[in-house]
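Please look at the sequence and the structure before reading on.

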Amino acid sequence: MSAARKPTRQTITLDGTVYDTTFTRNFSNRKPFLPKDPRRLVAIIPGLILEVLVHPGDWVRPGQSLLVLEAMKMQNHIANHDHGTVKTLHVAPGDMVTKGQLLVEFE
């Protein structure tokens, strides 16, 4: 049997206040935070692509529906967050997508 590792104490500073704390193994092994890339649209739920409403080269405005994703027998219109031009479509009607899968890239 291996000996248990003793957690190490560390200090962090938040808004000018210093805190003494112990980081857990889960905290130490967590994935780093990556801000969302506005040029990439990913699926937030798994489902079936029913319809693609845009083509590469199309200029899209905020709130415009880009595609229809069916999940749990509901049709979800996936909308654009910002204005831009569609660079690449990574899905087609009939494709099954997983959570986090890249759907559309923008220029």
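Two residues are in contact if heavy atoms of theirs lie within 4.5 Å. The model discussed here is predicted.

Four strands make up an open sheet, in the order S7-S6-S4-S9, and their pairing is antiparallel. Strand S7 (74–79) and strand S9 (96–97) are at the edges; each has a single partner strand, so one side of each has no neighbour in the sheet.

Strands S4 and S9 run antiparallel and are joined by two bridges. Across this pair, Leu 48 stands opposite Met 96 in S9.

Another open sheet is formed by four strands in the order S3-S10-S8-S5, with antiparallel pairing. Its edges are strand S3 (40–42) and strand S5 (59–60); each has a single partner strand, so one side of each is left without a neighbour in the sheet.

Three bridges link S3 to S10, and these two strands run antiparallel. Here Leu 41 stands opposite Val 104 in S10.

In soluble globular proteins, nonpolar side chains tend to be buried together. The largest nonpolar core of this model has 16 residues, and those touching the most other members are Ile 49, Leu 66, Leu 67, Val 97, Leu 103, Val 104 and Phe 106. At least two residues of this core come from each of strand S4 (47–52), strand S6 (65–71) and strand S10 (102–106).

Which residues does Val 104 contact, leaving aside its neighbours within four places in sequence? The list is Arg 39, Arg 40, Leu 41, Leu 67, Val 86, Thr 88, Leu 89 and His 90. Among them is Leu 41, the residue that stands opposite Val 104.

Val 97 lies in strand S9. Is Val 97 buried or exposed? Its relative accessibility is 3%, and buried means under 20%, so Val 97 counts as buried. Not counting residues up to four places away in sequence, Val 97 touches Ala 43, Ile 45, Pro 46, Gly 47, Ile 49, Leu 69, Val 91 and Leu 103. Val 97 and Lys 73 are 24 residues apart in sequence, and their C-alpha atoms are 15 Å apart in space.

## A patch on the surface

Some nonpolar residues are found on the surface. Ile 12, Leu 14 and Tyr 19 form a nonpolar patch there, and together they have about 280 Å² of accessible area. Of these residues, Leu 14 is found in strand S1 (residues 9–14).

Terms used: Residues are numbered from 1 along each chain as its sequence is written. This is a predicted model: local features need pLDDT of at least 70, side-chain atom pairs count only at pLDDT 80 or more; totals for chains, interfaces and linings use all residues. Side-chain values use heavy atoms; hydrogens and water are left out. Patches are made of residues with over 30% relative accessible area and no salt bridge: like charges are joined within 9 Å, nonpolar side chains (Val, Leu, Ile, Met, Phe, Trp, Tyr) within 5 Å. Accessible areas come from the Shrake-Rupley method with a 1.4 Å probe; for residues, only the protein chains shown count as cover. A salt bridge is a side-chain nitrogen of Lys or Arg within 4 Å of a carboxyl oxygen of Asp or Glu. A nonpolar core is a set of buried Ala, Val, Leu, Ile, Met, Phe, Trp, Tyr and Cys residues joined through side-chain atoms within 4.5 Å. Buried means under 20% relative accessible area, exposed over 50%, partly exposed in between (1.4 Å probe, protein chains only). Two strands pair if DSSP finds at least two bridges between them.
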